[in-house]
Amino acid sequence: MTFDHLGKRFGAVEVLRDFNLQVQPGEFLVLLGESGSGKSTALRVFAGLETASAGRILIGERDVTNVLPKNRDIAMVFQSYALYPHKTVAENVAYPLDVRGLPKPQQHEQVLAVAKQVQLDGLLDRYPRQLSGGQRQRVALARAMVRRPSVFLMDEPLSNLDAKLRGHMRAELKHLQQQLGITTLYVTHDQVEAMTLAHRVALLDKGVLQQLDTPARIYNDPANLFVAGFIGAPPMNFLRGALSGGWLEGAGFRVPTPVTASLAEGVLGIRPEDCRIADGGALQGEIYAVELIGDHTLVTLHIGTHKLTVKGAKDFDQAVGRRVGVAFDPGAAFVFDGATGARVR
Ligand SMILES: Nc1ncnc2c1ncn2[C@@H]1O[C@H](COP(=O)(O)OP(=O)(O)OP(=O)(O)O)[C@@H](O)[C@H]1O
Ligand SMILES: [Mg+2]
């Protein structure tokens, strides 16, 4: 499935600009971005629920830009599951087959098969109000699956669930997609969901694709400052200063960098998990806060005018206000152009 130079505007508001994305057959691709970045709009244009202002939508080789939604052979799962409250689980799941006019016995057979796959087979006679959030989500999923679409579109399908259930359903979804192998475009603003579910992640900012890559490469090799700052929790640390001869020099620090370029406005990025508190480290600062997370601590330091977070050992217990060193391997750091945000290599 392909977005080909897609543009979408609502009146004067341009939501998507020259958006190009190709999802491979069988791929689970996650469209990730902040609220308002245009994720749902991209999905809705693909589904035909919104018209494209420019460009084309292809499913395989077929141009569906002007094809009615119901003839596009896709199934969509929404954040609000949009179940029919007065229909049972079985009737909800059977609905798309009923619309197609499939005889009842065949409907029943197919509903049963899908219900087994998402573990709803004991709940077929219940009504949506008699189900938990996770079970409702599975009904919505089953109703999409029963159509055997060539493409699944999912818009934040887990965001109504509590954290624990979300983690559980995430694993279920991944397992299911691996089994079914249906091409899936999945929208979320949750980076953990994106990293864990996706074969590839497409990171969107204000309607513009910033990077399209595997989760590992998005994390290990960010294309620009935006991607570097978006992926990772707690976020990557950034130090601003002048770049020259393999060093970055800023207010109260001078650190080695992995590049030799010279720039008046440079940014060095280093992840909290790649820093450690160490005597004689390249950076010196005062401890500002220590937070025990469980298996590790987060130590926040003041370094000149910068704040820097270090992932520390779980038994880290040095006092606030104490002056300590921070060390990191320059090879684990990233450098960006402070003016444009572009990666400097
Ligand atoms: N029908 C519409 N008319 C005008 N503007 C719209 C319309 N639909 C969406 N927008 C605008 O387009 C932008 C992108 O919206 P969209 O719903 O695609 O964002 P999103 O990435 O899905 O965000 P969220 O994570 O909050 O769901 C927003 O600024 C929104 O206000
Ligand atoms: Mg949305």
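**Close-up 1. His5 and Asp18, two non-glycine residues with positive phi.** His5 sits in strand β1, residues 2–10; helices (H or I, at least four residues) and strands (E, at least two) are DSSP runs, numbered from the N terminus. This is a predicted model, where local features need pLDDT of at least 70, side-chain atom pairs count only at pLDDT 80 or more, and totals for chains, interfaces and linings use all residues. Residues are numbered from 1 along each chain as its sequence is written, chains are lettered from A and ligands numbered from 1 in the order in which they are written, and side-chain values use heavy atoms, with hydrogens and water left out. His5 isn't a glycine, yet its phi is positive, at about 50°. With a relative accessible area of 46%, His5 is partly exposed (buried means under 20% relative accessible area, exposed over 50%, partly exposed in between, using a 1.4 Å probe and protein chains only). Asp18, in strand β2 (residues 13–22), has a positive phi of about 40°. Asp18 counts as partly exposed too, at 47% relative accessibility. For context, most residues other than glycine have a negative phi.

**Close-up 2. The shell around ligand 1.** Gathered here are Phe10, Val15, Glu34, Ser35, Gly36, Ser37, Gly38, Lys39, Ser40, Thr41 and Glu156, where being near a molecule takes a heavy atom within 4 Å of it. Helix α1 (residues 39–47) supplies the largest share of the shell, three residues. By type, the shell splits into two nonpolar, six polar and three charged residues; Ala, Val, Leu, Ile, Met, Phe, Trp, Tyr, Cys and Pro count as nonpolar, Asp, Glu, Lys and Arg as charged, and the others, Gly among them, as polar.

**Close-up 3. Polar contacts to oxygen atoms of ligand 1, from Ser37, Lys39 and Ser40.** A polar contact here is a pair of N or O atoms within 3.5 Å. Ser37 uses a backbone N or O atom, 3.2 Å from a ligand oxygen. Lys39 brings a side-chain N or O atom to 2.8 Å from an oxygen of ligand 1, and a polar side-chain atom of Ser40 also lies 2.8 Å from a ligand oxygen. The protein covers 57% of the 640 Å² of accessible area that ligand 1 has on its own (Shrake-Rupley method, 1.4 Å probe).

**Close-up 4. Strand β17 between its partners β16 and β18.** Six of the seven residues of β17 (residues 297–303) are buried, so the strand is largely enclosed by the rest of the structure. Strand β16 (residues 283–292) pairs with β17 in the antiparallel sense over six bridges; strands pair if DSSP finds at least two bridges between them. Glu291 has Leu298 of β17 as its bridge partner. Four residues separate β16 and β17 in their hairpin, and Gly294 in the turn has a positive phi of about 145°. With β18 (residues 306–312), β17 makes seven antiparallel bridges, and Val299 stands opposite Val310. That hairpin has two residues between the strands, and Gly304 takes a positive phi near 55°.

**Close-up 5. Ala115 in helix α3.** Helix α3 spans residues 104–117. Ala115 counts as buried, at 3% relative accessibility. Leaving aside neighbours within four places in sequence, Ala115 is in contact with Leu120, Asp121 and Leu124 (heavy atoms within 4.5 Å). Ala115 and Glu291 are 44 Å apart in space, C-alpha to C-alpha, and 176 residues apart in sequence.

**Close-up 6. The cis peptide bond between Ala233 and Pro234.** Omega is about -5° here, whereas most peptide bonds are trans. Pro234 is in the loop between α8 (225–230) and β11 (237–244).

Note on methods:
A polar contact is a pair of N or O atoms within 3.5 Å; within protein, one must be able to donate a hydrogen and the other to accept it, and residues adjacent in sequence count only if both atoms are side-chain atoms.
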